[in-house]
Amino acid sequence: MTPEMYLMQVKDIDLRIRSLESELRAANRERDTEFAEQLRERIRADMGHYKELKTRIRDEIQHITDNRLSTLLMEYYIRGNTWEMVSEAIGIKDSKWVRTRLREKALKLFAATYPKYFIERLGDSWM
């Protein structure tokens, strides 16, 4: 798993929950109570996992000593902001540079801070 894949888990679960909520609305409109209850249970389980994962990753990001890089990771991967919003939050006008160069630096620092997640991949191109 790459550092970005690890961090993207938060966004991925959020997308799955939104999709399930959309299905739930459709099930409610169709008055399919049995399916609606199954969806509610799945949403509750995913929400629990989402909160746990988000809290853990937020805590890990906060251990990054470079405030600009930790803010980048937090704003994009945890808060789900666009690269333009991330750029504004860290005070850099060039969002393309933030998305490419600074993001790469932030991911490398995250991987170096938490090698237990990425140790077998240290020689790969993303490092």
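Predicted model: local features only at pLDDT ≥ 70, side-chain atom pairs only at ≥ 80, totals over all residues.
Local features rest on pLDDT of at least 70 and side-chain atom pairs on pLDDT 80 or more, whereas totals for chains, interfaces and linings use all residues. Residues are numbered from 1 along each chain as its sequence is written, and side-chain values use heavy atoms, with hydrogens and water left out.

**The nonpolar core**

- The largest nonpolar core contains 35 residues; such a core is a set of buried Ala, Val, Leu, Ile, Met, Phe, Trp, Tyr and Cys residues joined through side-chain atoms within 4.5 Å.
- Buried means under 20% relative accessible area, exposed means over 50%, and partly exposed lies in between (1.4 Å probe, protein chains only).
- The residues with the most contacts inside this core are Leu7, Ile57, Ile61, Leu72, Leu73, Val98 and Phe110.
- At least two core residues come from each of α1 (3-29), α2 (33-61), α3 (67-78), α4 (83-90) and α5 (95-113).
- The largest share of the core, 8 residues, is supplied by α1.
- Helices (H or I, at least four residues) and strands (E, at least two) are DSSP runs, numbered from the N terminus.

**Leu72 and Leu102**

- Leaving aside neighbours within four places in sequence, Leu72 is in contact (heavy atoms within 4.5 Å) with Trp83, Val86, Ile90, Val98, Leu102, Arg103 and Ala106.
- Leu102 is located in helix α5 and is buried, with a relative accessible area of 2%.
- When residues up to four places away in sequence are not counted, Leu102 touches Arg68, Leu69, Leu72, Ile90, Ile92 and Trp97.
- Leu102 and Lys54 are 48 residues apart in sequence, and their C-alpha atoms are 22 Å apart in space.

**The pairing of α1 with α5**

- Two packed helices are described by the angle between their axes and the distance between the axes.
- For α1 and α5 the angle is about 95°, and the axes are 9 Å apart.
- This angle makes α1 roughly perpendicular to α5.
- Axes are lines fitted to C-alpha atoms, for helices over the stretch in contact, and angles run from 0 to 180 degrees between N-to-C directions.
- Angles under 35 degrees count as roughly parallel, over 145 as roughly antiparallel, 65 to 115 as roughly perpendicular and the rest as oblique.
- Pro3, Glu4, Tyr6 and Leu7 of α1 meet Arg103, Leu107, Phe110 and Ala111 of α5 in this contact.

**Salt bridges**

- Side chains of opposite charge can pair when their charged atoms come close.
- The structure holds 9 salt bridges, each being a side-chain nitrogen of Lys or Arg within 4 Å of a carboxyl oxygen of Asp or Glu.
- One of them joins Glu4 to Arg103, with the closest N and O atoms 2.8 Å apart.
- This pair links distant parts of the chain, since Glu4 is in helix α1 and Arg103 in helix α5, 99 residues apart.
- Glu4 is partly exposed, at a relative accessible area of 23%.
- Asp14 and Arg18 also form a salt bridge, at 3.0 Å from N to O; they are 4 residues apart in helix α1 and therefore separated by about one helical turn.
- Asp46 pairs with Arg16 in a salt bridge whose closest N and O atoms are 2.9 Å apart.
- Asp46 lies in helix α2 and Arg16 in helix α1, so this pair ties together parts that are 30 residues apart in sequence.
- Asp46 is buried at 2% relative accessibility, whereas Arg16 is partly exposed at 40%.
- Arg16, Arg42 and Asp46 belong to one network, joined by salt bridges that share partners.
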